[in-house]
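The exercises below are meant to be worked through with the sequence and the structure in view. Each one gives a task and then a solution in steps.

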Amino acid sequence: QVQLVESGGGLVQAGGSLRLSCAASGRPFMTYGMGWFRQAPGKEREFVAAVNWMLGTQYADPVKGRFTISADFAKNTVYLQMNSLKPEDTSVYYCAYRGGGIKTESRFYDYWGQGTQVTVSS
């Protein structure tokens, strides 16, 4: 079992920044991947970014150049630095874990955090 706890969400004005954190506890595998997804009301959950200790990072097109995913694998913690936020970034953000490489589809992730709300006002 792997437990994920997110933090760092909140309310910010357009153009502002937020940093999300996700701490994994339990017994994560060494070669794991962690990702961030988001889900807005009435919409499907969508991929944001993912990181794997060997394969690097991958981003969804809408966030490229604005968001940065990073990880401290020694601490089993992943971060999502979000800059130049837009109202359309408003969503519940979830971190997710899988015992393998990077995937952009949510169905490939085995464990999920509880989500943290990010609201960007115009």
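**Exercise 1. Decide whether T68 is buried, partly exposed or exposed, and describe its surroundings.**

*Solution.* The model is a predicted one, and the relative accessible area computed for T68 is 41%. Buried would require under 20% and exposed over 50%, so T68 counts as partly exposed. As to its place, T68 belongs to strand β7. Leaving aside residues up to four places away in sequence, T68 touches Y59, Y79, L80 and Q81. M54, by contrast, lies 14 residues from T68 in sequence, and the C-alpha atoms of the two are 17 Å apart in space.

**Exercise 2. Work out the order of the strands in the open sheet of four strands, and find which strands are at its edges.**

*Solution.* Begin with β1 (residues 2–7), which is joined to strand β3 (residues 18–26) by six bridges, the two running antiparallel; within this pairing, S7 has S21 of β3 as its bridge partner. Next take β7 and strand β8 (residues 77–82), which pair in the antiparallel sense, again over six bridges, with A71 standing opposite V78 in β8. The complete order is β1-β3-β8-β7, with antiparallel pairing. The edge strands are β1 and β7 (67–72), since each of them pairs on one side only. From one strand to the next, the twist averages 15°.

**Exercise 3. Sort the side chains of strand β1 by the face to which they point, and state which are buried.**

*Solution.* In a regular strand the side chains alternate between the two faces of the sheet.

**Exercise 4. Find how many disulfides the whole structure has, and describe the handedness and placement of the pair C22 and C95.**

*Solution.* A search of the whole structure gives one disulfide. It is formed by C22 and C95, whose sulfur atoms are 2.0 Å apart, which is within the 2.5 Å cut-off for a disulfide. The pair links distant parts of the chain, because C22 is in strand β3 and C95 is in strand β9 (residues 91–98), 73 residues apart. The torsion about the S-S bond of C22 and C95 is about 45°, and the disulfide is therefore right-handed. Finally, C22 and C95 are both buried.

Conventions. Residues numbered from 1 in each chain as written. Predicted model: local features only at pLDDT ≥ 70, side-chain atom pairs only at ≥ 80, totals over all residues. Heavy atoms only, no water. Buried < 20%, exposed > 50% of the residue type's maximum accessible area, 1.4 Å probe, protein only. Pairing = 2+ DSSP bridges. Axes fitted to C-alpha atoms, helices over the stretch in contact; angles between N-to-C directions. Contact = heavy atoms within 4.5 Å.
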